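The sequence and structure come below.

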Amino acid sequence: MVNALTQMADTPVLVIGDMVADIYLDGAISRISREAPVLVLEQREERVVAGGAANVASNAATLGGTSYAVGVCGTERSGDALLAVLDENGVHTESFVRAEAHPTITKTRIIAGGRATVSQQIVRVDREWHTPLTEETEENLLACIRELLPRVRGVVLSDYGSGTVTARVRRMVIEETRRAGTPSIVDSRYDILSYEGVGYVKQNDAELSAAIGRELRSEEAIHAAGRELRERLGADGVLITRGDKGMTLFLADGSATNIPVSDHSEIFDVSGAGDTCVAVMILALAAGIDPLTAARLSNIASGIAVRKRGTATVAQEELRAAVAALEGDV
């Protein structure tokens, strides 16, 4: 697998979807407010990191690929901050569409702690837009995608349900990637059944259960559901992430391969691990690596991500070291 990582270097991929600014406000507990029975925090730090599709794009870049991002953000300060973070991670953001009508999607986490207490999240405040893209914004988005598709070797559709991946975007990407033989993968939280014809699918076990419409309480049920989803979508493969049980990859040849967790170290935070998984899968597939090796690499990378606090990226060197350790080279 170490050789596969060398193959993945500089591979150009395109990430399309709901770009999110994850904001972390860290504060020290000062006192109880006299206005209400709530904590008063003295703010110590404010951090902005890439979330949603932006985290997929960031991971693709930090893992050594050439990452292009297409999405929508607002013209306000949080939009500036998100673009700055992406630029810092090495993501190409020239094709971002900025629109006043669609403020930047933000997820603000308030983190509280004190001298004798462990810092922890006490509340999250989300800002999303729930109106369809304007015709002008959608046309700009489609034009950016059309321009970039011939320049990349893999495409991600990262659909968090915020409306960036419209029916027209979805249809164009699936048709064009199929026509060109370009690998594609979708990660859709709520609407996976609308992605018929896509190359590969990534879902967690809860999302799979919701999509199929039944509870999956056994290994047999998971395998039946994974095969059913692949067949319904006509996909080349379906990758199901299963928490402490690792992953299962279903391919068009009828095979189903369980991939166990690679590292049983303490899990700090699962935020963004799925994004890391998708980024590795598309980089590997775009580099011509077989899907099972791609899934195994994504499993190792996800194991690194969950041991980091908050939404985080995985560096190429980290993944290389973990792969080498597993293969007995270090």
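## Cysteines

Cys277 counts as buried (under 20% relative accessible area, with over 50% called exposed and partly exposed in between; 1.4 Å probe, protein chains only), at 1% relative accessibility. Cys73 is also buried, with a relative accessible area of 0%. The structure holds 0 disulfides, a disulfide being a pair of cysteine sulfur atoms within 2.5 Å. For Cys73 the closest cysteine sulfur is in Cys144, 12 Å away, which is too far for a bond.

## Basis of the values

This is a predicted model, in which local features need pLDDT of at least 70 and side-chain atom pairs count only at pLDDT 80 or more, while totals for chains, interfaces and linings use all residues. Residues are numbered from 1 along each chain as its sequence is written, and side-chain values use heavy atoms, leaving out hydrogens and water.

## Nonpolar cores

A nonpolar core is a set of buried Ala, Val, Leu, Ile, Met, Phe, Trp, Tyr and Cys residues joined through side-chain atoms within 4.5 Å. The largest has 57 residues, and Met8 and Leu319 have the most contacts inside it. Helix H8 (residues 273-286) gives the most to this core, with 11 residues; helices (H or I, at least four residues) and strands (E, at least two) are DSSP runs numbered from the N terminus.

A second, separate core has 43 residues, among them Val72, Ala99, Ile212 and Leu229.

## Sheet

An open sheet of mixed pairing is formed by 4 strands in the order S3-S2-S7-S8; strands pair if DSSP finds at least two bridges between them. Strands S2 (residues 19-32) and S7 (residues 105-114) run parallel and are joined by 9 bridges. Asp26 has Ile111 in S7 as its bridge partner.
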